[in-house]
Amino acid sequence: MSLLISQLILVLIVLYSGISVQSYIPSTPPPNRQPSSSPAIKSTIIDITSPDDLQAFVVKDDRPAVIKVYSHWCRTCRQFDMRYKNLALNWGEQNNGGGGIYSNRARFAQMEYSANEEICKLLKATKVPYILIYKRSEGEVARFACPPSKMQLLIDALHEHASPLNDDLLPMSLSEEPTIEPLMEDDSIESTLMKGSEMMDALMPEIQKQAGYDSILSFEEFCKKHTTKKK
């Protein structure tokens, strides 16, 4: 009797195992996912591994040359790294275009402490993560320890030392919206057109002279001549 019970238990175990395994087998294989054809935009961060690399990076041009000193074993450096890459993506050079209004205004590099210990000590960059900023025309312009909580220090330094933005590229804030002067009571459409005509009369001689006209016409005469339909 005990043998029969043991055999029944063994059969139940096998059946239960078969059901469990079967429940995890998909009915159809998953489709093969094709990789995206468009390459992702990545920031250009130069790896500095020698004094020659350092010199070449600093003197390339007069944009701020930002160098991050880090270490592989440093957990804080790994946390800082993602923010540094995002900053380089917005302010630095990209491998596939893109970027915002601040792009290409600075250059970014990184230097691993253990592999460049002698250089780091000479530069007195013995804390990690540490930031060094140089400009070709000025030399060193900033240095500071920069844990993730101090990222704003680096952003402020970039605003201070990077070349000014073209005002045409800056987004207009609400406080900078142009003001529209209201029309005065005597500024009717007719008077506004008259003022515009008088202004054009004053400009027409110079305009026609530069265009090579033999005779100088008034603005009204010029308009009539060039808008009259030929029969």
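**Close-up views of a predicted model**

**Figure 1. The largest nonpolar core.** The largest nonpolar core of this predicted model comprises 19 residues, and Phe108, Ile131 and Leu154 have the most contacts inside it. Two or more residues each are given to this core by helix α3, strand β4, strand β5 (139-145) and helix α5 (151-161). Of these elements, α3 gives the most, with five residues. Apart from this core lies another, of 17 residues, which includes Val69, Met111, Leu132 and Tyr134. In soluble globular proteins, nonpolar side chains tend to be buried together.

**Figure 2. The surroundings of Leu154.** Residues up to four places away in sequence are not counted in this view. Leu154 touches Val66, Phe80, Tyr84 and Leu87, and also Ile131, Ile133, Phe144 and Cys146. Leu154 is one of the residues with the most contacts inside the largest nonpolar core, as is Ile131.

**Figure 3. Strand β2 and its two covered faces.** Strand β2 spans residues 65-70, and six of its six residues are buried, so the strand is largely enclosed by the rest of the structure. On one side, Ala65, Ile67 and Val69 are buried.

**Figure 4. Pairing of β2 with β3 and β4.** Strand β2 runs parallel to strand β3 (residues 107-112), to which six bridges join it. Within this pairing, Lys68 stands opposite Gln110 of β3. With strand β4 (residues 130-135), β2 pairs in the antiparallel sense over five bridges. Here, Ala65 has Tyr134 of β4 as its bridge partner.

**Figure 5. Asp81 and its partners.** Asp81 is located in helix α3. With a relative accessibility of 18%, Asp81 counts as buried because the limit for this class is under 20%. The side chain of Asp81 meets that of Lys85 in a salt bridge, at 3.2 Å from N to O. Lys85 and Asp81 are four residues apart in helix α3 (residues 75-91), and they are therefore separated by about one helical turn. Lys85, at 38% relative accessibility, counts as partly exposed. Neighbours within four places in sequence aside, Asp81 is in contact with Lys68 and Gln110.

Figure 6. Nine salt bridges are found in a search of the whole structure. Lys135 forms one with Glu138, where the closest N and O atoms are 3.9 Å apart. Lys135 is buried, its relative accessible area being 10%. In another salt bridge, the side chains of Glu140 and Arg143 meet at 2.9 Å, N to O. Glu140 counts as partly exposed at 38% relative accessibility, and Arg143 is partly exposed with a relative accessible area of 29%. Elsewhere, a network of salt bridges links Lys60, Asp61, Arg63, Glu93 and Arg107.

Terms used: Residues numbered from 1 in each chain as written. Predicted model: local features only at pLDDT ≥ 70, side-chain atom pairs only at ≥ 80, totals over all residues. Heavy atoms only, no water. Buried < 20%, exposed > 50% of the residue type's maximum accessible area, 1.4 Å probe, protein only. Pairing = 2+ DSSP bridges. Salt bridge = Lys/Arg side-chain N within 4 Å of Asp/Glu carboxyl O. Contact = heavy atoms within 4.5 Å. Core = buried A, V, L, I, M, F, W, Y, C linked by side-chain atoms within 4.5 Å.
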